[in-house]
Amino acid sequence: MLTQSISKYGYDQIEIRHNTERGKFSVLYYRDGQIIAADCANAPLDFMAVRQALSKGKNIDADAAADVPTMLKTLIA
């Protein structure tokens, strides 16, 4: 299992994206509606999307991220 983590300070909300058939999951951490961290296991596309959002000061909406089939990179705003 490949586990990757990005973190930045404390959080007040989480969204869990999981696909048990593929053995992957991501936990997205938010503070005041802004994504601040992610733990990703076997989910490199989620990891890269969160990394891109954090490095550019962008956000990934938590409600939209809860829809697992939606690719996170399409939600970067």
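In what order do the elements of the protein chain run from the N terminus on? They run β-β-β-β-α-α, which comes to 2 helices and 4 strands, where helices (H or I, at least four residues) and strands (E, at least two) are DSSP runs numbered from the N terminus. Before I go on, please keep in mind that this is a predicted model, in which local features need pLDDT of at least 70 and side-chain atom pairs count only at pLDDT 80 or more, while totals for chains, interfaces and linings use all residues. Residues are numbered from 1 along each chain as its sequence is written, and side-chain values use heavy atoms, with hydrogens and water left out.

Let me turn to the interior. Of the 77 residues in the protein chain, 34% count as buried, buried meaning under 20% relative accessible area with a 1.4 Å probe, protein chains only.

R17 brings me to the next point. The structure holds 1 salt bridge, defined as a side-chain nitrogen of Lys or Arg within 4 Å of a carboxyl oxygen of Asp or Glu, and in this salt bridge the side chains of D46 and R17 meet at 3.2 Å, N to O. D46 sits in helix α1 and R17 in strand β2, 29 residues apart, so that the pair links distant parts of the chain. Both D46 and R17 are buried.

Finally, there is the largest pocket, which is lined by 20 residues, with R17, K24, L45, D46 and M71 lying nearest its centre. The elements that give two or more residues to this lining are β2 (13–19), β3 (24–31) and α1 (44–56), and α1 gives the most, with 6 residues.

Technical notes
On a 1 Å grid over the protein atoms alone, a cavity is a set of points where a 1.4 Å probe fits but cannot get out, and a pocket is an open set with protein on both sides within 12 Å along at least five of seven lines; lining residues have an atom within 4 Å of a point. Buried means under 20% relative accessible area, exposed over 50%, partly exposed in between (1.4 Å probe, protein chains only).
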